[in-house]
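Please find below a note on the model under review. It is set out as numbered points for reading alongside the coordinates.

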Amino acid sequence: MTTSRLFRHGPGTLFRTASHLPPRQIAYQLRRRLGGPARRPKATSLEGVTGLLARMPAPTPEGEPGPDGICLLGQPSHDPLRAGWEPPVGPLYLYTLHYHGWLQRLRPALALATIDHWIANHTEGVGWEPYPTAVRSLHWLGWLSGHIDELDGMTRRRLLASLAGQLRHLERHLEHHLDGNHLWTDLAALAAGALVLDGPRAHLLAPAVGRFAAVTSEQLALDGFHRERTPSYHCLLAEQLAGVVALGPERADPRAGQRLRDNLARMLAVLPAFTHPDGNVALFGDSQRGLVTPAALAARCGTSLSQGTDYNAPASGLFRRAWGPWTLLWNAGGLGMPQQVGHIHGDWLGFELSLGGERVVVDAGVGTYEVGPERDYARSTRAHNTVTVGPGDRDQHELWASHRIGGRAELVDLSFGTSEVSAGVRGFRSPAVHHRRLSWDGRALRCLDRVVPDHGEPVPATMRLHLPQTCDLAVDGPEVRVRTPGGRRFAVRGPADLRWQTTAAPGWTAMSSPAPRHCLALPAGPGGLEIAFELLP
């Protein structure tokens, strides 16, 4: 973040943002700001790694090869072998380019040429920052595990020396200034390297197995959900953990190995709390459909993904209810990891809803991490299926930049049972508390919202629902009749004296993948607002 951008925000916002960081993290933040990102390694290779002790399952591929290069994040294809490794694009694209997540989808000869070209032509730069180094190392380890026997001795030595050099650079620049999923991924790569690589210098990475076990325990809530509270990242991190567990970490550190296995089991067990019947994640926080899905993760780990059942993850504020034909996924809210809230949105008390196997109420999702109106909207409370409280559709949190939060909302009065879940949220500097109850009476799924002001004066509030634009709507005063692409029909009914307001709204299934929404809105007045979802014949 540039200095000029910092000073666009008042000192109060900056203080409220920094006040949640532990002193150690602040020290690392200051060190990084003074020294800049770690883009220039002391050495680009490390001799003394001679082979592989074990073979690692390749991570889920990211990127699609085409005749003119690689397609990433919905952008036009780019061929790094002809156009280079630092095209004039945004940081997320550059990171993804340097992940090498598409290697498994290339012909072996082209994959090897890609690796060799990177080694020769990217000796410093963004690809050496810790996070892309960690992700690329995991993809290289996966590719080498399947192809090392096909390489001649000189090629094998060159690739292993480069990989060892990258891991050594990563070890010197762990992302303690960010913590969260970045630090997890850094240590996952180091632990995998320690368990896979063989040779007289490979022992240098051995302590990473125990450090990775400690960080996985620190970053998981009591219910097993990753504390950044973003389903997509939970699945991605669980896959990284599964890759390390598959390598037999007990042979390096028996206690750490058992802890890693136990933590993986916990991460797999909590998957139903945020999984739709289609096997993919709810779009809570910065989640995306695709990448590592819960269904694919469960299959990869040889376990079953419970569908059609209730599930409670109260420590993380996530709940699943299978009520008749409906599957409700509810995000009651919570901060999880106060020092790393970059992927949290103003979506507390919001929900997503499936009817059969079709999603019929959906959050906005996320289409970019670039600062600007699109990112601001995706994080805002009005982009989610909850209630904005206060004038101007005030957000629950003090959201700023792309991943920053100053003042935070507070969760109150959480309660959950078989046929009812409820909680309240007080937004940052909000003049009222929003209470929501979701219930099932055997015929209709009901949502009751009450906005309780602090001083008796009514506070403006708006309840919103977002439906995919692939659904057909017929609005008739207090009733909206919906027909899904699969032919299912249901109604959303509000109070008889109110009329639904309908507008088009943006939405995304993944980065750079627009999926527009219908937005339905009603005022949440002093007497409360109840709506009901009912099947139509």
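The points below take up the basis of the model, then its helices, a loop, its aromatic pairs and its sheets.

1. Basis. This is a predicted model, in which local features need pLDDT of at least 70 and side-chain atom pairs count only at pLDDT 80 or more, while totals for chains, interfaces and linings use all residues. Residues are numbered from 1 along each chain as its sequence is written, and side-chain values use heavy atoms, with hydrogens and water left out.

2. Helix 10. Helices (H or I, at least four residues) and strands (E, at least two) are DSSP runs, numbered from the N terminus. Helix 10 comprises 12 residues, 208–219, and spans 16 Å between its first and last C-alpha, close to the 16 Å expected at 1.5 Å a residue; the expected span is 1.5 Å times one less than the number of residues.

3. The buried side of helix 10. Buried denotes under 20% relative accessible area, exposed over 50%, and partly exposed the range in between (1.4 Å probe, protein chains only). In helix 10 the buried residues are Ala 208, Val 209, Phe 212, Ala 213, Val 215, Thr 216 and Gln 219. They lie on the same side of helix 10 because they cover an arc of only 165 degrees around the axis, the arc being that of the directions from the helix axis to the C-beta atoms. Helix 9 (180–196), helix 11 (231–245) and helix 12 (254–269) are the elements against which these buried residues pack; contact means heavy atoms within 4.5 Å.

4. The loop between helix 8 and helix 9. His 177 is situated in the loop that joins helix 8 (153–172) to helix 9, and at 11% relative accessibility His 177 counts as buried. Not counting residues up to four places away in sequence, His 177 touches Gln 25, Tyr 28, Gln 29 and Arg 32. Leu 178 also belongs to the loop between helix 8 and helix 9, but Leu 178 is partly exposed, at a relative accessible area of 24%. With neighbours within four places in sequence left aside, Leu 178 is in contact with Gln 25 and Gln 340. Leu 178 and Leu 21 are 157 residues apart in sequence, while their C-alpha atoms are 9.7 Å apart in space.

5. Aromatic pairs. Rings of Phe, Tyr and Trp (its six-membered ring) pair if their centres lie within 6.5 Å; planes under 30 degrees apart count as stacked, over 60 as edge-to-face and the rest as tilted. The count by this rule is 12 aromatic pairs. For Trp 118 and Trp 140, the ring centres are 5.9 Å apart and the planes stand at 85 degrees, so the pair is edge-to-face. Trp 118 lies in helix 6 (residues 108–121) and Trp 140 in helix 7 (residues 130–147), so this pair ties together parts that are 22 residues apart in sequence. Both Trp 118 and Trp 140 are buried.

6. A ring pair involving helix 10. The rings of Trp 184 and Phe 212 have centres 5.9 Å apart and planes at 90 degrees, so this pair is edge-to-face. Trp 184 lies in helix 9 and Phe 212 in helix 10, so the pair ties together parts 28 residues apart in sequence. Trp 184 is buried, with a relative accessible area of 0%, and Phe 212 is buried, with a relative accessible area of 0%.

7. Two strands pair if DSSP finds at least two bridges between them. Strand 10 pairs with strand 17 (residues 461–468) in the antiparallel sense over 3 bridges, and Val 389 stands opposite Ala 461 in strand 17.

8. Strand 13 and strand 14 (residues 420–426) run antiparallel and are joined by 5 bridges; they form a hairpin with 3 residues between them. The bridge partner of Phe 416 in strand 14 is Val 421.

9. Strands 20 and 25. Strand 20 (residues 489–493) and strand 25 (residues 529–535) run antiparallel, joined by 4 bridges. Val 492 stands opposite Phe 533 in strand 25. Phe 533 also belongs to a cluster in which ring pairs link Trp 326, Phe 351, Phe 490 and Phe 533.
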